[in-house]
Amino acid sequence: MSDATVDDADATGRTERLGDRLRAELEALDAARVGVYAALFALTAFYLTPIESGLVSAFKTNPAGISSTLPFAPPPLRFFTLEKWRTAITALGRGMVNSALYAVPATIVSALLGSFAAYGLTQADWRARYKAPVLAMLVAGIFIPYQAVLVPLSQFWGAIPLRQLLTPLWVLGVPSAYTGIVELTITHVAYGIPICMVLFRSYYRNLSEEMVEAARLDGATFRRVYRRIVFPVSTPMFAVVLIYQFTQIWNDLLFALILVSTESSPAAPVVLILAGLGESMEGQDFALRMAGAFVAALPTLIVYIMFGEEFADGVAT
Amino acid sequence: MAQLELDAVRKVFTDDDGSDIVAVDDVTVDIEDGEFLVLVGPSGCGKSTTLRMVAGLETASGGDIRLGGRSIVGQKPQDRDIAMVFQSYALYPHMTSRENMSFGLEESTDMTDEEIDERVQNAAELLDIPELLDRKPAELSGGQQQRVALGRAIVRDPEVFLMDEPLSNLDAKLRSQMRTELQRIQEDLDTTTVYVTHDQTEAMTMGDRIAVLDGGELQQAGTPLECYHRPANRFVAGFIGEPSMNFFDATVRGDRLVADRFEYGLREAAVNDVAGAEGVTLGIRPEDVEVTPGTEPADDNEFATVVDVVEPMGNENAVYLGFGADPTDPFVATVGGMRRVEAGQRVIARFPPDAIHLFDATTGEALHSRSLEDADPAEPRI
């Protein structure tokens, strides 16, 4: 018997085995399983289509490319352009800087203050009768809709002579419209504290009590316990809160409209500029609007990727 | 290092509905400088609460706690110069073993980094863990975490060590190893130590003295052998010793005890001790019951019994004996491991008159304890 025959026999054996396996797997594919996969696939398509449509639209010429192709079809070569991205980046650039100027500090400060508040409400020794009202007020703060506070908010900032207080900045050459950015920062910190506090509170309530007691017996004061034990241990929760808060603040249009109001202001945040991007008397430039939306969403994506690993930890706890 | 005094310490918790729960009731114990005291009792007896009051983690509702003669009630935990080892070890998860151990010194002293390093290194060598210093708790086994937790207490060089069931999360073999090691370390350092456990074996083997708590009240404080041979009451007698002491309720009729299943003849000393009492509880330790083959009791200290169950343990057998043919309510005797005893066998059980304990049936107070005359006088057992 030659080697070739052996190989042939071997190959036949393999094919048969492969066939068996295929048959077994096909048999396992009953109607229910097919249904589940079909439903999952349909749902995925349903959720991804808008994003995909937006992405391909952003590369199309307007109006020729947009009107002559299907919304979710990729652009044919003759309608392909990067022009819209260039325009979007130029138009949104200063808005992105302005947004970052209040979103970054507001996110960090509200997360920190929320963490302090949660630490005080969970680990400090005070009577429930005093603790309960403070907690109740903070929790109620989460449920106040932004719309309900718009008028009091603008009156509040109208009553505060913030522009005068910040005179040194204007002397240095900063346009005085940036008062709006400072107002936005403080407003977002105030409105962010309740939700941050609640997120941290659930985390701190589950902290090992013995660990905190051990630290106190080790001679650490209440403040030092926070600084050296509780703060470092709550990194995963900080990731969750930072991502959540940053997305909220970055995407918020309502406060920006009230406190900065015009897209022509030098301090206009990205959301204000985006709202008017691609609108003109001749109609809407859909391709530009899509490109603009993606550019404006980029920072939130970057933040998510930066803290993604800790975020997963934090959500799991 | 200093003497620790607990003077009528009380702890009352107020429940949500306003009712008071007394967790610790007038506990008074003096712990000598350098002494190893074990607080032992069943769960919920108030032993951990007592320890936490010494640490300052709970506020005492009454009484006084003095360390080296000065009251520490009202002082914050961080001002008490006390180190505690927790059941869960309570290590700081984000710090390495070295950082865990130096944390206390950084927070409570103004030692330089070099001095702290040296202390940590010495403690690590004492505990045989220098190679683990740069690992984080998650990378350590339970036994290793236990050592780091001990190290964290040792480097502080405190007046008092408090240990709250530190060995209960370890497996049996490691536990007995750490038990010996803890004793060695405590002897080396000669630091006053209060150790809480529910395990009477730990209490017997580790303590210079043990304090038995039940229902928040101190039942007895004494050396392990005192508690074993001269239990103050029925609770201590039943709690200390494994297997537990056998108890039989009986009434006194002159120089005889009449129980449900048997009558027992008392010696003169015992008769005098129970004078005036009507209902008593007869107690005898399993190892004091003498088991011999046979069916005919020779006197009123011997009983005809039937072997119900035998639990061989190698070095000895725990034999469950029932009176007559009825195997309900068996009592336990331990016999040598080499002796052959089988279920169903008829044997004579003898309760030697000098080994019995008698307790008041209502109060549980000890009326008569076993005599220790057979103890070697050259080496007093207490």
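Which residues does Leu39(B) touch, not counting residues up to four places away in sequence?

1. Let's start with that residue, keeping in mind that this is a predicted model. Leu39(B) touches Lys47(B), Thr50(B) and Leu51(B), then Val194(B), Tyr195(B) and Val196(B), and also Ala211(B) and Leu213(B); residues up to four places away in sequence are not counted here.

2. One of these neighbours is worth a second look. Ala211(B), in strand β9(B), is the bridge partner of Leu39(B). The pairing joins strand β3 (residues 36–40) of chain B to strand β9 (residues 209–214) of chain B, with four bridges in the parallel sense.

3. Now follow β9(B) to its other partner. Strand β10 (residues 217–222) of chain B runs antiparallel to β9(B), and five bridges join the two. Asp214(B) has Glu217(B) in β10(B) as its bridge partner. Two residues lie between the strands of this hairpin, and Gly215(B) takes a positive phi near 55° there.

4. Leu39(B) turns up again in the largest nonpolar core, which has 169 residues. Together with Met84(B) and Leu162(B), Leu39(B) is among those with the most contacts inside this core. Chain A takes part too: its helix α4 (residues 83–122) gives the largest share of the core, 12 residues. As background, nonpolar side chains tend to be buried together in soluble globular proteins.

5. Finally, step back to the domains. Chain B is divided into domain 1 (4–235) and domain 2 (246–368), and their C-alpha centres lie 39 Å apart. Five residues from domain 1 of chain B and seven residues from domain 2 of chain B make the contact. On the domain 1 side of chain B, three of the touching residues are nonpolar, one is polar and one is charged.

Note on methods: Residues are numbered from 1 along each chain as its sequence is written. Chains are lettered from A and ligands numbered from 1 in the order in which they are written. This is a predicted model: local features need pLDDT of at least 70, side-chain atom pairs count only at pLDDT 80 or more; totals for chains, interfaces and linings use all residues. Domain bounds come from an automatic or database domain assignment. Two residues are in contact if their C-beta atoms, placed from the backbone, lie within 7 Å. Ala, Val, Leu, Ile, Met, Phe, Trp, Tyr, Cys and Pro count as nonpolar, Asp, Glu, Lys and Arg as charged, and the others, Gly among them, as polar. Two strands pair if DSSP finds at least two bridges between them. A nonpolar core is a set of buried Ala, Val, Leu, Ile, Met, Phe, Trp, Tyr and Cys residues joined through C-beta atoms within 7 Å. A residue is buried if 20 or more other C-beta atoms lie within 10 Å of its own, exposed if 12 or fewer, and partly exposed in between; C-beta atoms are placed from the backbone.
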